[in-house]
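Please read this briefing alongside the sequence and the coordinates.

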Amino acid sequence: MSDIVLDLQKLTRRFGNFTAVDSLTLSVNAGEVFGLLGSNGAGKTTTIKMLTTLLPPSSGEARVAGFSITDQAVDVRRSIGYVPQAVSVDGSLTGYENLLIFAKLYDLPRGEQQARIREALEFMDLTAEGGRLVSQYSGGMVRRLEIAQSTLHRPRVLFLDEPTVGLDPIARDAVWKHLVDLRANYGTTLFFTTHYLEEAESHCDRIAIMHLGQLDALGTTKELETSLGGGAHTLSEVFVHYAGTALESGGTFRDVSAERATAQRLG
Amino acid sequence: MATTFIHPLTGFVEKTFVITEFELRKLRHDFTELVTRALQPALWLLVFGQVFSRSGMMHTGNVPYLDFIAPGILAQSVLFVAIFYGINVIWERDLGIVQKFLASPTPRAALVLGKGFSAGIRTLSQAAVVYALSLLLGVKLDWSPLALLNVFLIVILAATLFSTFSLIIACIVKTRERFMGVGQVLTMPLFFASNAIYPTTIMPGWLKVISHLNPLTYVVDGLRTCMLSGSTSSFGLGIDYAVIIVTTIILVLIGARLYPHLAT
């Protein structure tokens with residue numbers, strides 16, 4: 001049996017009367033690329049926030065890299081990397097400085113910091129840009145720097161919330177190429193949310209589809225495509241079947257404006 | 001993954017300084033704000049201070065009014081710079097920076113205190129401006145190393161105190177618009193209910209009580225004691241330091257509790 005790095009048991013988060021994530025149970029194996037799909041407001045970001053210890057669950061439990069998100073939050077934080085949907089590097093610093101601060105925050109040994117930063121910049125094809133202010137970077141470069149920053153300490157799991165939102169197809173491909181390499185070289189488990197079905201289809205080992213806070217479908221792309229019965233369906237048809245149309249839900253004003261702001265900053 | 005054991009206290013101090021370094025590195029790339037900030041204390045000292053000094057309306061005992069007001073204006077500019085510091089936190093929240101820091105193993109109190117110290121170091125430029133203007137206006141300054149060290153420490157601590165207060169407000173209101181409103185509402189009462197530009201002895205009784213509860217009063221008293229040659233403290237420098245440090249610790253603890261709310 002594979003090593004399980006994410007284990008969610010009836011994980012639930014309520015905001016007042018509204019249940020954003022409803023009794024979510026699933027597990028993710030080490031080294032897996034796992035995509036969480038769903039329309040806006042389905043509970044994807046809330047799930048990631050709970051798993052990254054930013055938001056306490058209302059009930060249920062989850063273990064990340066073997067640590068409880070409620071009782072061992074600091075151990076969880078040491079074991080994960082997190083790339084939020086919004087831009088999370090500082091534009092008024094250089095790429096190198098953004099990495100240096102995180103190398104220090106994650107307690108990388110002083111003697112290794114420079115080598116690790118150099119390696120991370122090289123790995124993300126940013127060596128030539130390391131000394132430039134991040135405000136001068138393109139959207140794709142910003143995302144790659146964010147991934148470099150979140151993986152300096154070689155986390156077991158990397159959480160990415162809409163990693164390619166607002167990027168053009170070429171930049172999206174470049175980001176994915178680096179994510180795939182990250183898994184290949186370091187065995188990093190990737191747990192990400194996306195709206196782009198083709199990305200999920202080409203990169204995920206398994207996909208979960210959430211709708212109104214609940215897990216509606218889980219499996220490999222193939223399994224999902226045959227799950228509807230009556231012959232094979234496209235992932236897009238499967239998505240519409242489980243998640244409904246975007247018009248039915250659509251997320252809150254804040255979700256939508258945050259997403260657009262990110263797209264605008266990166267684009 | 002690095003698994004070296006680090007003592008919690010050493011870790012906390014180290015992380016605090018990493019956050020301070022993060023903030024100060026930004027300043028290195030763009031220090032225009034230091035120049036624009038110099039204008040406000042200049043206006044207060046050169047215009048307000050000069051006019052009121054000539055009017056002879058303020059009874060400040062043996063100390064000339066310009067001498068009296070110089071440390072008050074330094075305290076005021078520390079307050080004004082620090083009290084709007086929280087807006088940066090809201091900005092960082094609208095981006096994903098706060099979330100990323102909170103998902104790292106950095107102690108919450110180190111995130112808050114590190115930011116506070118950086119505000120402190122930023123406001124040191126205001127001290128340099130006030131000293132230069134005071135020199136120009138003939139204020140009798142105490143140039144002994146001990147006095148300068150005390151001014152240095154009080155400015156950093158005061159900015160840490162008020163910027164942490166500002167961070168707490170930011171954690172509660174969460175939006176820039178509301179923050180600006182609350183910031184404006186708080187600044188003036190803190191300033192006027194203190195001994196910055198007039199002595200507490202001429203205040204009505206109720207205001208005197210409020211001024212004694214206002215940490216700015218102790219900042220001004222500490223600065224006045226150390227900056228001016230031959231000046232004596234109203235409360236004692238020990239009390240000034242104690243009030244400033246204890247208030248800062250309480251605020252940092254509250255800030256550390258509230259800061260994670262920014263990620264939700």
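What follows is a short account, by topic, of a predicted model with two chains in contact.

**The nonpolar core**

- The largest nonpolar core has 148 residues, and within this core B:Ala75, B:Val78 and B:Ala158 touch the most other members.
- Helix α8 of chain B, which spans residues 145–173, contributes the most to this core, giving 15 residues.
- Leaving aside residues up to four places away in sequence, B:Ala75 touches B:Ala158 and B:Ala196, as well as B:Leu216, B:Val219, B:Val220 and B:Leu223.

**Packing of α4(B) against α8(B)**

- Helix α4 of chain B (residues 65–83) packs on α8(B) at an angle of about 35 degrees, the two axes being 8 Å apart, and the crossing of α4(B) and α8(B) is right-handed.
- From α4(B), the residues B:Ala75, B:Val78, B:Leu79, B:Val81, B:Ala82 and B:Ile83 meet a set in α8(B) made up of B:Val155, B:Ala158, B:Ala159, B:Phe162, B:Ser163 and B:Ser166.
- Sorted by class, the contact of α4(B) with α8(B) comprises ten nonpolar and two polar residues, with no charged residues.

**The contact between the chains**

- Chain A brings 30 residues to the contact and chain B brings 24 residues.
- On the side of chain A that touches chain B, at least two residues each come from α2 (73–79), β6 (80–83) and α3 (95–105) of chain A.
- That side of chain A has, by class, 16 nonpolar residues together with seven polar and seven charged ones.

**Helix α3(A)**

- Helix α3(A) is mostly covered, in that ten of its eleven residues are buried; among them are A:Tyr96, A:Glu97, A:Asn98, A:Leu99 and A:Phe102.
- The cover over the buried residues of α3(A) is drawn from both chains, and includes α4 (110–123) and α5 (139–151) of chain A along with α1 (8–29) of chain B.
- Just after α3(A), A:Asp107 adopts a positive phi of about 60 degrees.

**Strand pairing in chain A**

- Strands β1 (residues 4–15) and β4 (residues 59–64) of chain A run antiparallel and are joined by five bridges, with A:Asp7 having A:Arg63 in β4(A) as its bridge partner.
- Strand β4(A) is also joined by two bridges to strand β5 (residues 67–68) of chain A, again in an antiparallel arrangement, and here A:Val64 has A:Phe67 in β5(A) as its bridge partner.
- The hairpin of β4(A) and β5(A) has two residues between the strands, and in this hairpin A:Ala65 takes a positive phi near 50 degrees.

Methods
Residues are numbered from 1 along each chain as its sequence is written. Chains are lettered from A and ligands numbered from 1 in the order in which they are written. This is a predicted model: local features need pLDDT of at least 70, side-chain atom pairs count only at pLDDT 80 or more; totals for chains, interfaces and linings use all residues. A nonpolar core is a set of buried Ala, Val, Leu, Ile, Met, Phe, Trp, Tyr and Cys residues joined through C-beta atoms within 7 Å. A residue is buried if 20 or more other C-beta atoms lie within 10 Å of its own, exposed if 12 or fewer, and partly exposed in between; C-beta atoms are placed from the backbone. Helices (H or I, at least four residues) and strands (E, at least two) are DSSP runs, numbered from the N terminus. Two residues are in contact if their C-beta atoms, placed from the backbone, lie within 7 Å. Ala, Val, Leu, Ile, Met, Phe, Trp, Tyr, Cys and Pro count as nonpolar, Asp, Glu, Lys and Arg as charged, and the others, Gly among them, as polar. Axes are lines fitted to C-alpha atoms, for helices over the stretch in contact, and angles run from 0 to 180 degrees between N-to-C directions. A crossing is left-handed if the near helix is turned anticlockwise from the far one by less than a right angle, and right-handed if clockwise. Two strands pair if DSSP finds at least two bridges between them.
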